[in-house]
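Here are my notes on the model you sent over. Have the structure open while you read, and go through the points in order.

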Amino acid sequence: MPKSAAKVGPARARSTRHSPISRPRSARKTLTAGAVRAGIGKYHFPLAKLKKVAAGTGYSTSHGGVVEGARMLVGWIHKPRGTGSRMHTHKNEQFNYVVQGTLRGSVNGRRVMAPAGTLIYIPANAPHTLIATADEDVVFIAIKDLSQGIIGKAVDGTMSGAHYEPGYAPRRAG
């Protein structure tokens, strides 16, 4: 019998119980605060109805429901018209599929104009910015590996706020 086909006796059978240290990733906390953890009986998610979480705190207006599995995350992300992200990066490789509206910006110095039905690829660590055009709000599906959560870091090192086109900045109370 080949070594790879060796039998495992009852003494070597794997336990279905897990210690806190060896818990499967699907039982651990999420990398994105407020995201939902998939797995261990959770396999179906109404993305548009999930609790909305910030998907670019400090550099973007993006927000929406996020589900994390063992190795990747998916977000149903909204950007109000005329708003978006300042230049930022993240360790994750990412795909954004535009469901509604148009995103414009740049990825790795290359201009992007992405209407509904367009898939945008963002390599890991690539500087990028994406802004919802002024005609309507944008909804996109974000898919990332879990080398980190959904939030990246602004290229300029500050987390001082999102990008707003002229006339779209929030009004200050006072």
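1. Where is arginine 37 found? Arginine 37 sits in strand E1, which covers residues 36-37. Keep in mind that this is a predicted model.

2. Is arginine 37 buried or exposed? The relative accessibility of arginine 37 is 10%, so this residue counts as buried.

3. Reading along the sequence gives β-β-β-β-β-β-β-β-β-β-β-β-β-β. Of the 174 residues in the protein, 38% are buried. Take the contacts between residues at least 6 apart in sequence, and 66% of them join residues at least 24 apart.

4. Nonpolar side chains tend to be buried together in soluble globular proteins. Here the largest nonpolar core has 21 residues, and the members that touch the most others are Val66, Ile77, Leu103 and Ile120. Two or more residues each come from strand E4 (72-79), strand E8 (102-107), strand E9 (110-115), E10, strand E11 (128-132) and strand E12 (138-145). E12 gives the most to this core, with 3 residues.

5. Leucine 103 deserves a click. Leaving aside residues up to four places away in sequence, leucine 103 touches Lys79, Val98, Val112, Met113, Ala114, Ile120, Leu130, Ile131, Ala132, Val138 and Phe140. Ile120 is on that contact list, and Ile120 is also among the core members with the most contacts to other members.

6. How many aromatic pairs does the structure hold? There is 1 aromatic pair. Phenylalanine 95 and tyrosine 121 form this pair, which is tilted, with 5.2 Å centre to centre and 45° between the planes. Phenylalanine 95 is in strand E7 (residues 94-100) and tyrosine 121 in strand E10 (residues 119-122), so the pair ties together parts that are 26 residues apart in sequence. Phenylalanine 95 counts as partly exposed at 33% relative accessibility, and tyrosine 121 is partly exposed too, with a relative accessible area of 39%.

7. Next, the empty space. Rolling a probe the size of a water molecule over the atoms shows where such space is left. A search of the whole structure turns up 1 cavity of 30 Å³ or more, and the largest cavity has a volume of about 140 Å³. Among the 17 residues lining the largest cavity, Ala55, Ser62, His88, Gln94 and Phe140 are the closest to its centre. At least two lining residues are supplied by each of E4, E7, E11 and E12. E12 provides the largest share of the lining, 3 residues.

8. Finally, look at alanine 162, in the loop between strand E13 (153-154) and strand E14 (163-164). Is alanine 162 buried or exposed? Alanine 162 is buried, as its relative accessible area is 19%, and the cut-off for buried is under 20%. Not counting residues up to four places away in sequence, alanine 162 touches Tyr59, Ser60, Thr61, Gly84 and Arg86. The C-alpha atoms of alanine 162 and serine 62 are separated by 8.9 Å, while the two residues are 100 apart along the chain.

Key
Residues numbered from 1 in each chain as written. Predicted model: local features only at pLDDT ≥ 70, side-chain atom pairs only at ≥ 80, totals over all residues. Heavy atoms only, no water. Helix = DSSP H or I, 4+ residues; strand = E, 2+ residues; numbered from the N terminus. Buried < 20%, exposed > 50% of the residue type's maximum accessible area, 1.4 Å probe, protein only. Phe/Tyr/Trp six-rings, centres within 6.5 Å; stacked < 30°, edge-to-face > 60°. Core = buried A, V, L, I, M, F, W, Y, C linked by side-chain atoms within 4.5 Å. Contact = heavy atoms within 4.5 Å. 1 Å grid on protein atoms, 1.4 Å probe; cavity = no way out; pocket = protein on both sides within 12 Å on 5 of 7 lines; lining within 4 Å. Points joined across faces, edges and corners; volume = space filled by probe spheres on them.
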